[in-house]
Amino acid sequence: MTGESGQDGSAGGRREERHHVSGAHDDVEIAFDALGWKIQLGEVAYEPDGPGVVLFRGLDQHRVDVDADHLVAHSVQMPAGTARPAPGVENAPASAEHRIDQSRFADDVDTVRLEGAESFHVSRRMGGIGGGDLFPLAWNALVWSASAHRRPFTNSAYPLTLATVYLASVEHVRHESQRSRIQTFHVMDVWKAAAERQRTHGDVLTLAAGQPSTPAPAPVRRATHETLDEHLLGYTETFGIAELREAVARYHSDEASIVVDADDVVVTTGSSGAFTLIFLAAFDVGDTVVVARPGYPAYRNTLAALGCNVVELDCGAQTRFQPTVAMLEALPEPPAGLVVASPANPTGTVIDPGELAALARWCDDHGTLLISDEIYHGIAYSGQETSSAWETSRESVVIGSVSKYFSMTGWRLGWMLVPERLRPALQRLASNMTVCPPAISQYAAVAAFTEESRTELDGHVRRYAVNRKLLLEGLPRLGITDLAPADGAFYVYADIAHLLREGEDSTAWCARLLDATGVALAPGIDFDTARGDRTVRLSFAGATVDIEDALTRLDGHLGGR
């Protein structure tokens, strides 16, 4: 049995160490560099399959021991044509130790997904002398640890197999940042499952997507063709082209009866880009920013990634799911910022104009930056009045977008109305982070504010109103009675606790509903960290016939609950 090792370097500072050992049963090669590690057993390579994912192929038998606090899932795929069912553990519960002992075919694929694990241990079971079952079997173990310099790949049970091999030092390897360890946007998993259901069954009705089901207005589409012919589509001004900033300023002036100048407008790459920029421009690491619960998850997740202390205000039916001045007064000290949304996602509730004005005044008096998400303005029902924070305070920030009312989600175009004191910081940040918003979207979006476009868009809102009525009347007949008011936007937020089976949460319930009916809903886990396991969000931005069909399918499913 012989062993050898080597080391080389290449451009960019990448270092790679290789260790090779030959044994009676296999050849083993382990490579470790700044980009990750790889284990070569004979003709088979083992290497991470994306961040935190370890993929093993070709093992006849093996065992996996991991720090189970970080074990996300373990699964097995059997080779094509195999009749024997695949063993495996999905979403294994956390415990001090998790061990998986499985028999494998030689070309099975075994995946163990970890998040933040400090160590893992994989053993390969090898045949004894001659490889026969009558002889003792040996385990060859790999132990990896992020906290130690080296760990052996060595025989742990039988002396006739592999010699000891060491992984190279991991000190030079950068792992994912702490700030990146925020919650995922779970509704994206619903979209993925719905897409797979559509592929296999072709019957999906999606009430999960938070976007219109219609294209951009006709004038915008025509302007897009003209833009392609007439403009170079190079970089624009960082804060957006003058024509668009002027159109946005007129829109706000007309809607809220206030004076807004083009200089007040900062155009961004979607409203998501606006939030990231204003959070960076206004808040430092450790600053406290208050958000409503339930609420749009990207507020708290983006703030958390930027190092802010996020405080969620528990906003229930008694306050129509919106924060109040009394809640702010009850805080230990005034926060650096407050984020509100009206109409809100997921509840659709609108803040009363008087209450929004009171919140704005409180923020001005206490040095708190009010950030008012108004991207659903233009979509309100039953005479519900929406108002803008800038009607009371020019020290606040107003967020807008072409995504919702304007039916242009994928165009990735938003804007802010910002006080002059924050514009230099936004200029520095935006010019470095994005240079400018998408040029073609800017030129085309000018046409979204024309009378022709607004007429088309108001037609969509009338359809939303019909769909809303169908759900608000149809869901109670199905036994779903605990609903948010749905003053605006295009969502109904419902409590379904009474429909859950023992041990089931809203995520599992939505998966079961999709499997049984083809109707996709968004579980509340994204929107409410305390009670989202018992709530769901239904979007009614689609076709009316789809809403009717979804209610019929729900009726058939819930009748057997």
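In which sense do β25 and strand β26 pair, and over how many bridges? In this predicted model, β25 and β26, the latter comprising residues 535-539, pair in the antiparallel sense over two bridges. Within this pairing, Pro 523 stands opposite Val 536 of β26. The two strands belong to an open sheet of three strands, ordered β23-β26-β25, with antiparallel pairing.

Thr 347 lies in the loop that runs between β19 (337-341) and α7 (353-366). The residue is buried, its relative accessible area being 1%. A polar contact at 3.0 Å links the side chain of Thr 347 to the side chain of Thr 349. When neighbours within four places in sequence are set aside, Thr 347 is in contact with Pro 294, Phe 321, Ala 484, Ala 486, Tyr 491 and Tyr 493.

Ala 444 is part of helix α9, which spans residues 439-445. Although Ala 444 and Thr 224 are 220 residues apart along the chain, their C-alpha atoms are separated by 5.0 Å. Thr 224 is also one of the residues in contact with Ala 444 once neighbours within four places in sequence are left aside; the others are Val 220, Ala 223, Thr 227 and Trp 411.

Methods
Residues numbered from 1 in each chain as written. Predicted model: local features only at pLDDT ≥ 70, side-chain atom pairs only at ≥ 80, totals over all residues. Heavy atoms only, no water. Pairing = 2+ DSSP bridges. Helix = DSSP H or I, 4+ residues; strand = E, 2+ residues; numbered from the N terminus. Contact = heavy atoms within 4.5 Å. Buried < 20%, exposed > 50% of the residue type's maximum accessible area, 1.4 Å probe, protein only. Polar contact = N/O pair within 3.5 Å; in protein donor to acceptor, adjacent residues only side chain to side chain.
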